[in-house]
Amino acid sequence: MNLDINEVLADMLNALKISVKDDWGLVKSTANTFLQNRKSRLELLATMRLSGDIDNDFFLKRLEDENDLLVSELHTIAIINKITAQNAANAAIQVLEKAVETILKI
């Protein structure tokens, strides 16, 4: 099974949408831009983990970095409080982590 990064990004956006609920209209553009700008890096991280080029600890640390970057991007939207931004970023990054874990289990 191969990783379809476009599908994963769509799932990540959906996780963000569910997490921020009524604030989605405010977050949508920023979140989409962030994910599109980070698409290559996220795909590279996932591919390297799936091929065994990096171990799970390194992968998870890099996902934490990506999470922190996404939280920072979401903080640029003044209306969203810190907890909402953190929860939204966590939900999105967990989608990528689970996609990779699922493929590794196959």
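View 1. Not counting residues up to four places away in sequence, Val-27 touches Val-20, Leu-74, Ile-77 and Ile-80 (contact: heavy atoms within 4.5 Å). The model is predicted, so local features need pLDDT of at least 70 and side-chain atom pairs count only at pLDDT 80 or more, whereas totals for chains, interfaces and linings use all residues. Residue numbers run from 1 along each chain as its sequence is written, and side-chain values use heavy atoms, with hydrogens and water left out. Val-27 is among the members of the largest nonpolar core, of 35 residues, that touch the most other members, together with Met-12, Leu-16, Leu-35, Leu-74 and Leu-96. α1, α2 (24-51), α3 and α4 each supply at least two residues of this core, and the largest share, ten residues, comes from α4. A nonpolar core is a set of buried Ala, Val, Leu, Ile, Met, Phe, Trp, Tyr and Cys residues joined through side-chain atoms within 4.5 Å; buried means under 20% relative accessible area, exposed over 50%, and partly exposed in between (1.4 Å probe, protein chains only).

View 2. α4 has 24 residues and reaches 34 Å from its first C-alpha to its last, close to the 34 Å expected at 1.5 Å a residue (1.5 Å times one less than the number of residues). Helices are DSSP runs of H or I, at least four residues, numbered from the N terminus. Buried residues of α4 include Thr-84, Ala-88, Ala-92, Leu-96 and Ile-103. The buried residues of this helix pack against α1, α2 and α3.

**View 3. Glu-66 in helix α3.** Glu-66 lies in α3 (residues 56-75) and is buried, with a relative accessible area of 1%. Beyond four places away in sequence, Glu-66 touches Phe-34, Arg-38, Arg-41, Leu-42, Leu-45 and Ile-93.

**View 4. Lys-21 in the loop between α1 and α2.** Lys-21 has its place in this loop and counts as exposed, at 61% relative accessibility. Phi of Lys-21 is near 45 degrees, a positive value in a residue other than glycine. Most residues other than glycine have a negative phi.

**View 5. Lining of the largest pocket.** Met-1, Asn-2, Leu-3, Asp-4, Glu-7, Val-8, Asp-11, Val-95, Ala-99, Thr-102 and Ile-103 line the largest pocket (an open set of points on a 1 Å grid over the protein atoms alone, where a 1.4 Å probe fits, with protein on both sides within 12 Å along at least five of seven lines; lining residues have an atom within 4 Å of a point). α1 (5-20) and α4 (82-105) each supply at least two lining residues.
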